[in-house]
Amino acid sequence: MKLLASLLVLGAALLTSNPAFAEQGIPLLTVTSGAEGQQSYSLNIQILLLMTALSLLPAALIAMTSFTRILVVFAILRQALGTAQTPSNQILLGLTLFTTLFVMTPVLEKAYNEGVEPYMEEKLGFNEAATNAIAPFREFMLNQVRESDLALFVDMAGDVQVDDIRDVPLKVLLPAFVVSELKTAFQIGFLIFIPFLIIDLVVASVLMSMGMMMLSPVLISLPFKIMLFVLIDGWALIVSTLAAGFYV
């Protein structure tokens, strides 16, 4: 619960705890009186911007964590098993979220301890607290991203001059990190797919040699693939391998 609270407080601190807003307040509605006594109401533009930022916060946090790699690997695994919608999307998302929380625990704790908590205790200003809170996520992404992907987006940005890799702006680091994670996820998925593909080929060859061409090879190979996956304790093996593959 502390980690979830840390994540929520971090988002609130970065999006809504602007000192200017704290001093002046953010009126929800603006009432304007007309010449003939009529009144018109308008929503403050600051509220609109804050709500827009909050709606983008989940996508940003997903893009800054291990979520992308884990979910893609799970989706490829289900495709390799040939079990259609089993496990369901809800189960895969739930497992991905909790695995991501497990992997990101050190990062979230560091962001809370160095940025959010001092800001809530009024030991740090907003800008310094925000920098300290984002720093662990930057370090996490820099540890995972490929240099080739980072160099690609630096070149595409054009106006970005980077002397130290730690000074890469987030607008360059975020897409480079996501592309790098997708590449890694597909490489892992390829390795997972190979043994199941071999089972499909063997079963199809046996059925062809027996003249049973009308029988679907997928129907026969599915129990063998499930049996193999269960015998090697596949879920524990894949989850542990994914969790250990991140440099936190």
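Mentor: The account below concerns helix α4 and the residues around it. This is a predicted model, in which local features need pLDDT of at least 70 and side-chain atom pairs count only at pLDDT 80 or more, while totals for chains, interfaces and linings use all residues. Residues are numbered from 1 along each chain as its sequence is written, and side-chain values use heavy atoms, with hydrogens and water left out.

Let us begin with Arg 69, which lies in helix α4, residues 67–81. Helices are DSSP runs of H or I with at least four residues, numbered from the N terminus. Arg 69 counts as buried because its relative accessibility is 6%; buried means under 20% relative accessible area, with a 1.4 Å probe and protein chains only. The side chain of Arg 69 forms a polar contact of 2.7 Å with that of Glu 181. A polar contact is a pair of N or O atoms within 3.5 Å; within protein, one must be able to donate a hydrogen and the other to accept it, and residues adjacent in sequence count only if both atoms are side-chain atoms. Leaving aside neighbours within four places in sequence, the residues in contact with Arg 69 include Gln 144, Thr 184, Ile 188 and Phe 246, where contact means heavy atoms within 4.5 Å.

Next comes the packing of α4 against helix α9, residues 217–231: the angle is about 135° and the axes are 9 Å apart. Axes are lines fitted to C-alpha atoms, for helices over the stretch in contact, and angles run from 0 to 180 degrees between N-to-C directions. The two helices, α4 and α9, are therefore oblique to each other, since angles under 35 degrees count as roughly parallel, over 145 as roughly antiparallel, 65 to 115 as roughly perpendicular and the rest as oblique. Leu 77, Ala 80 and Leu 81 of α4 meet Leu 222, Lys 225 and Phe 229 of α9.

Leu 77 also belongs to the largest nonpolar core, which has 36 residues, and is among the members that touch the most others, as are Phe 196 and Ile 238. A nonpolar core is a set of buried Ala, Val, Leu, Ile, Met, Phe, Trp, Tyr and Cys residues joined through side-chain atoms within 4.5 Å. To this core α4 gives the most, with eight residues. Beyond neighbours within four places in sequence, Leu 77 is in contact with Ile 192, Phe 196, Phe 229, Trp 235 and Ile 238.

Notes. Buried means under 20% relative accessible area, exposed over 50%, partly exposed in between (1.4 Å probe, protein chains only).
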